[in-house]
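Let's walk through this one together, a question at a time. Here is the model.

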Amino acid sequence: MRNRLTQVRGTTLKDKADTEIRGGTEADRLAVDFDHHDAALNNEVLNGVYSRLLAGCPVAKTSAHNGFALVTRHADVVEVEKDGKRFSSAEGVMHPAHAGRAPSIPIEFDGAVHTAYRKLFLEVLSAPRVRGIEPYLRDLTERVLDAFAEGADIDFVERVAVQIPVRAVGHLLGLGESANEQLQAFARVVLEHAGTPAMIEAMKELDALAKTHLDERRAQPRDDYLSTLVQLDFDGRPLAEDELLNIIRSFVFAGFETTARSIASLVHHLVTHPELQTRMRSDSASIEGFVEEGLRLFPPVHTMFRTVTTPTTLHDTPLEEGERLVLLYGAANRDPEQFADAETFNPDRANARQHLAFGIGAHYCVGATLARAEIRILLEALAARPPLELVGAPRHLPRLMMGQMMGVDYLPLRFNGDH
Ligand code: HEM
């Protein structure tokens, strides 16, 4: 069954003008034949596609990639995410699921096994742990910004947005500054070649780096997370080597591109809206609101899939066992039923934290506290420096990378020392 916009609400002249401005006919096509891997699904059309889907039938279906259902409304995404029994993650959260790849820990597990694996991440990502590394994050942020201010490279993405989360993840794992070069080389490949054979090669290199460190910790345990992992009693047994590598991959893969894209997209919005920079600088209490609105309007992760485990309905749409569905976070975050004046960046929005950029429920992003801390600390540091200004043309990712990621990819900036 094709996705049909059967229930489009009354169209006014203003809506019509908005429609033409926002993505035009390409957005019309993509809203009817939605395909998260379509090369035309770029930042220009994405939000036009979402507004059409939100105005259409609540749970539409597309025929792309053997067919799947589209969950766009905030309440429906919440219902799916909070019911892991009806909507499983174990068949893969990407679509098509990668054949021959081991399921990712913890995100592609359900129930008790998922809970046990998730605890391993909370060891270092719980709120008290993140509070404990805030002094490190502040110092790191100042060092990264100093280097950017003094350096010749004007790309804020490469020099700042990527540096902070890559280094933070290395620090958390206990890899230390010496591994940063390798982690950054790996980050560059993931950022530039997401989903390609080059990325699979880079994953192998990451495994090799992780193996060396794990062997070192087995021979000589230290006071760090990798040593904890190799010594751990996991339900009466040690973690196997492939589980350990899987966990480290998840940390690195989930932990930096997401946060880097969030930082880049939010800072891009600030430099193109100078009045917001002024507000942020004059009112430090509003900074948390800036972080949440950035995550709501520019989520880096746009899609996660689930599989229906039993015949059911969602918003009156029948779903069969085995059907796949996609959670479209970028649409849910702009759902007018949930967020008044949803398209406006409003740091004073009372319910901004209800955005779904981190998901919700059992799989709620286990790195959310860390990501929020990294972004907030960066904004606080920027508020104390001269304003940033654009010195060239920024670029977004050309399309939804791996059918999932969107964000600013190149952001030429400098601090305006005249202020
Ligand atoms: C702005 C930054 C981030 C965004 C927007 C983000 C987004 C998400 C989303 C949407 C999910 C939910 C997936 C689902 O329900 O299927 C998730 C899960 C996850 N995230 Fe994040 N993430 C971010 C940062 C991080 C960081 C910094 C880490 C770790 C260092 C991390 C590690 C994970 C892990 C391990 C999961 C799986 C949790 C589970 O299945 O229980 N994320 N993330």
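Q: Which residues are closest to the ligand?
A: First, a caveat: this is a predicted model, where local features need pLDDT of at least 70, side-chain atom pairs count only at pLDDT 80 or more, and totals for chains, interfaces and linings use all residues. Residues are numbered from 1 along each chain as its sequence is written. Counting a residue as near when its C-beta atom, placed from the backbone, lies within 6 Å, 29 residues surround the ligand. The closest are Gly-255, Thr-258, Gly-359, Cys-365 and Gly-367.

Q: Which element gives the largest share of the shell around the ligand?
A: Helices here are DSSP runs of H or I with at least four residues, strands are E runs of at least two, and both are numbered from the N terminus. Two or more shell residues come from each of α5 (111-125), α12 (241-271) and α16 (368-383). The largest share, seven residues, belongs to α12.

Q: Is Glu-320 buried or exposed?
A: Glu-320 sits in the loop between β6 (317-319) and β7 (324-328). By C-beta atoms placed from the backbone, a residue is buried with 20 or more others within 10 Å of its own, exposed with 12 or fewer, and partly exposed in between. Glu-320 has 9 others within 10 Å, so it counts as exposed.

Q: What is the bridge partner of Leu-70 in β7?
A: Strands pair if DSSP finds at least two bridges between them. On one side, β2 (residues 68-71) pairs with β1 (residues 59-62) in the antiparallel sense over four bridges, and Leu-70 is the bridge partner of Ala-60. Three bridges also join β2 to β7, running parallel. There, the partner of Leu-70 is Val-326.

Q: Which residue in the turn between β1 and β2 has a positive phi?
A: β1 and β2 make a hairpin, with five residues between them. The one with a positive phi, about 50°, is His-65.

Q: What radius of gyration does the protein have?
A: The C-alpha atoms fill a box of roughly 65 × 60 × 40 Å along the principal axes. Taken over C-alpha atoms, the globule rule is 2.2 Å times the number of residues to the power 0.38. For 419 residues a compact globule would come out near 22 Å, which agrees with the protein's 21 Å.
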